[in-house]
Amino acid sequence: GNIDDIAKTIQTYFPKVDISRLPITPVQITLGGPDSQWKAMQQLYFFMIITAERKVQIQSPFFVPDESLLEAIKAAALSGVQVEIMVSKHGTLLELAHRASFTYLADVVRSGAKVYLYNKGYFHSKTINIDSQVCAIGTANFDIRSFSINYEAMAVLYDKDLAVELAADFENDLK
């Protein structure tokens with residue numbers, strides 16, 4: 001066809017969108033893997049935790065942090081930040097990682113963090129929410145494998161409304 005036919009086809013399948021009426025959510029995609037120069041997932045979680053002023057909510061099937069994240073969580077809890085961590089109550093095929101979680105969880109509980117064991121079926125959430133202001137959702141477990149040898153991606157959402165919604169989801173999961 002001619003150029004007019006092509007233009008009509010493009011307009012049919014790809015109409016212009018008036019973005020002035022769309023909500024805009026700033027999103028930062030963070031990627032990490034064994035070929036990365038930096039431990040992006042570990043650094044993302046670390047930075048988010050140390051910037052919390054009121055509340056940190058973490059969801060992960062299991063919890064095997066490195067030393068820096070363990071110290072960041074304990075420091076946050078000891079400084080008065082409400083730290084809540086939700087993990088799976090039941091083991092998975094990776095039973096060793098699940099059992100290792102409880103060693104670390106006991107340590108953070110001693111610092112004042114609250115730990116919740118999700119027991120209503122399979123638990124696979126990987127989220128972190130800081131002060132119901134900014135949150136991240138993605139593939140990275142809160143564990144050393146996700147920080148160094150797995151290919152992972154997290155979407156950091158700079159949107160208070162979405163962070164408040166994720167906090168409500170956390171509360172619903174508590175039920």
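How many bridges join β6 to β7, and do these strands run parallel or antiparallel? The points below take up this pairing and then the rest of the fold; the model is a predicted one.

1. Strands β6 and β7 run antiparallel and are joined by four bridges. Within this pairing, Ile128 has Ala136 of β7 as its bridge partner.

2. Both strands belong to an open sheet of seven strands, ordered β1-β9-β7-β6-β2-β4-β5, with mixed pairing. The edges are taken by β1 (27-32) and β5 (114-118); each has a single partner strand, so one side of each is left without a neighbour in the sheet. From one strand to the next, the twist averages 15°.

3. Helix α6 (residues 160-174) lies across β2, β4, β5, β6, β7 and β9. The angle at which α6 runs to β2 is about 60°.

4. Gln57 sits in strand β2 (residues 55-59). The side chain of Gln57 makes a polar contact of 3.5 Å with the side chain of Glu171. Beyond neighbours within four places in sequence, Gln57 is in contact with Glu84, Thr127, Ile128, Asn129, Ala167, Phe170 and Glu171.

5. The largest nonpolar core holds 32 residues, and those touching the most other members are Ile49, Val56, Ile73, Val83, Ile85, Ile128 and Phe142. Two or more residues come from each of α2 (40-50), β2, α3 (67-78), β4 (82-88), α4 (95-110), β6 (127-130), β7 (134-138) and β9 (152-157).

6. Which residues does Ile49 contact, leaving aside neighbours within four places in sequence? The list is Val56, Ile58, Leu69, Ala72, Ile73, Ala76, Ile128, Ile130 and Phe142. Of these, Val56, Ile73, Ile128 and Phe142 are also named among the core residues that touch the most other members.

7. The aromatic pairs number six. One of them, Phe142 with Phe147, is edge-to-face, at 5.8 Å centre to centre and 85° between the planes. Phe142 and Phe147 are both buried. Together with Tyr45 and Phe63, Phe142 and Phe147 form one aromatic cluster.

Note on methods: Residues numbered from 1 in each chain as written. Predicted model: local features only at pLDDT ≥ 70, side-chain atom pairs only at ≥ 80, totals over all residues. Heavy atoms only, no water. Phe/Tyr/Trp six-rings, centres within 6.5 Å; stacked < 30°, edge-to-face > 60°. Buried < 20%, exposed > 50% of the residue type's maximum accessible area, 1.4 Å probe, protein only. Polar contact = N/O pair within 3.5 Å; in protein donor to acceptor, adjacent residues only side chain to side chain. Contact = heavy atoms within 4.5 Å. Core = buried A, V, L, I, M, F, W, Y, C linked by side-chain atoms within 4.5 Å. Pairing = 2+ DSSP bridges. Axes fitted to C-alpha atoms, helices over the stretch in contact; angles between N-to-C directions.
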